[in-house]
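Have the sequence and the model at hand as you read.

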Amino acid sequence: MASSTPVVIYPPDEDRGRRVRADGTILGLAYSVRDIAALLQQAGLQGWDEMDVVRSSLIEWRGGGPEVWTA
């Protein structure tokens with residue numbers, strides 16, 4: 001994954017899932033910060049954990065930050 005392209009976390013849907021996109025590709029649906037970290041690891045950011053997700057300037061949060069999981 002190219003580190004210069006932001007990761008976008010979309011607002012929660014009615015089921016509390018947040019779509020995760022990186023490099024223009026949808027990685028999946030996350031229901032927690034842990035899920036986001038797992039998706040990013042699968043996309044090539046090995047070693048990322050929940051704190052990396054919360055603190056990273058690489059991530060653009062839409063519809064609320066990492067604490068928002070309801071629509």
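A nonpolar core here is a set of buried Ala, Val, Leu, Ile, Met, Phe, Trp, Tyr and Cys residues joined through side-chain atoms within 4.5 Å. Buried means under 20% relative accessible area, exposed means over 50%, and partly exposed lies in between (1.4 Å probe, protein chains only). This is a predicted model, in which local features need pLDDT of at least 70 and side-chain atom pairs count only at pLDDT 80 or more, while totals for chains, interfaces and linings use all residues. Residues are numbered from 1 along each chain as its sequence is written, and side-chain values use heavy atoms, with hydrogens and water left out.

Let's begin with the core. The largest nonpolar core has 17 residues, and Val7, Ile36, Leu40, Val53 and Ile59 touch the most other members. At least two residues of this core come from each of β1 (7–9), β2 (18–22), α1 (33–42) and β4 (59–61). The biggest contribution is from α1, with 5 residues. Helices (H or I, at least four residues) and strands (E, at least two) are DSSP runs, numbered from the N terminus.

A polar atom of the arginine 18 side chain does lie 2.9 Å from the backbone oxygen of glycine 65.

Arginine 18 also lies over the face of tryptophan 69, at 5.4 Å from the ring centre. Arginine 19 lies over the face of tyrosine 10, at 4.1 Å from the ring centre. For a charge to sit over a ring, NZ of Lys or CZ of Arg must be within 6 Å of the ring centre and within 35 degrees of the ring normal.

Now turn to aspartate 35 in helix α1. Aspartate 35 counts as partly exposed because its relative accessibility is 28%. A polar atom of its side chain lies 2.8 Å from the backbone nitrogen of tyrosine 31.

Finally, look at two loops. Arginine 16, between β1 and β2, has a positive phi of about 75 degrees although it is not a glycine. Aspartate 23, in the loop between β2 and β3 (25–30), has a positive phi near 55 degrees. Most residues other than glycine have a negative phi.

Terms used: Polar contact = N/O pair within 3.5 Å; in protein donor to acceptor, adjacent residues only side chain to side chain.
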